[in-house]
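Hi,

Here is the structure I promised to send over.

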Amino acid sequence: GLFKTGMNGLIFIEASASVTNTSETTIAGDVVLASNDPAHPATYTATLSKSLLLKSGSLIMDNLIVDMAAMTPGQLMSKKDNDSNLDSLVLNLCDFKNVKRYIYAPNSAFLQKGIEKIKINGCRIGTPVTVQLFLINSSATTLAGYHDFIFTNNVVYSTGDTAVQTQLFST
């Protein structure tokens with residue numbers, strides 16, 4: 001995969017490079033995944049059933065092209081434990097392409113913990129189909145573990161010939 005479970009710190013991806021995550025990876029510390037050249041963002045290709053598992057710490061994705069074309073079932077990121085909340089998920093200046101599935105959805109068996117702060121800033125999100133982007137506590141009766149939702153200066157658009165319904169946050 002792109003990085004190993006348990007890895008922390010800043011991970012730069014070369015300008016205009018394309019990387020694919022080939023295994024499920026657990027985020028259990030503070031991780032920043034960023035392109036090293038804002039003028040030529042790197043591409044992060046999501047793959048089928050290879051989610052980023054958000055356990056603890058924080059994840060920042062900065063100035064990346066995130067291609068989700070291969071995500072037919074599943075989600076880009078998930079929470080699969082009730083141990084602790086993730087401190088924050090920050091998506092900054094990213095270009096999400098071919099979004100047909102959730103960017104984030106928790107596993108329905110683990111709904112007691114969540115993400116303290118979800119911040120999406122300056123992103124473009126293109127989708128060819130009706131989609132829910134962030135599914136929060138799908139079967140729970142509470143939003144325990146979820147506190148701040150910040151969505152600023154983003155563009156969500158249909159890539160097809162007809163308009164589609166896109167839900168940003170849903171429960």
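Phe110 is partly exposed, with a relative accessible area of 29% (buried means under 20% relative accessible area, exposed over 50%, partly exposed in between, using a 1.4 Å probe and protein chains only). You'll find Phe110 in the loop between β10 (102-104) and β11 (115-121); strands here are DSSP runs (E, at least two residues), numbered from the N terminus. Leaving out neighbours within four places in sequence, Phe110 is in contact with Lys79, Lys80, Asp81 and Asn82, where contact means heavy atoms within 4.5 Å. Its C-alpha is 5.4 Å from that of Asp81, although Phe110 and Asp81 are 29 residues apart in sequence.

Before you go further, two things about the numbers. This is a predicted model, in which local features need pLDDT of at least 70 and side-chain atom pairs count only at pLDDT 80 or more, while totals for chains, interfaces and linings use all residues. Residues are numbered from 1 along each chain as its sequence is written, and side-chain values use heavy atoms, with hydrogens and water left out.

Now the charged pairs. Side chains of opposite charge can pair when their charged atoms come close.

- Asp81 pairs with Lys79, with 3.1 Å between the closest N and O atoms. Asp81 is buried at a relative accessible area of 9%, and Lys79 is buried too, at 0%.
- Glu24 pairs with Lys80, with the closest N and O atoms 3.3 Å apart. This one links distant parts of the chain, 56 residues apart: Glu24 is in the loop between β2 and β3 (25-35), Lys80 in the loop between β7 (75-78) and β8 (86-92). Glu24 is partly exposed at 35%, and Lys80 is partly exposed at 33%.
- Asp83 pairs with Lys55, and their closest N and O atoms are 2.5 Å apart. Asp83 lies in the loop between β7 and β8 and Lys55 in strand β5 (residues 52-62), so this pair ties together parts that are 28 residues apart in sequence. Asp83 is exposed at 55%, whereas Lys55 is partly exposed at 26%.

On to the sheet. Six strands make an open sheet in the order β2-β4-β6-β9-β12-β15, with parallel pairing (two strands pair if DSSP finds at least two bridges between them). β2 (18-20) and β15 (155-158) are at the edges with a single partner strand each, so one side of each has no neighbour in the sheet. From one strand to the next the twist averages 15°, taken between lines fitted to C-alpha atoms, with angles from 0 to 180 degrees between N-to-C directions. Two bridges join β9 (residues 95-97) to β12 (residues 124-127), and Asp95 stands opposite Arg124 in β12.

Finally, what sits inside? The largest nonpolar core has 37 residues, and those touching the most other members are Met61, Met77, Leu91, Phe96, Ile103 and Phe134. Such a core is a set of buried Ala, Val, Leu, Ile, Met, Phe, Trp, Tyr and Cys residues joined through side-chain atoms within 4.5 Å. β5 gives the most to this core, with four residues.

Cheers

Technical notes
A salt bridge is a side-chain nitrogen of Lys or Arg within 4 Å of a carboxyl oxygen of Asp or Glu.
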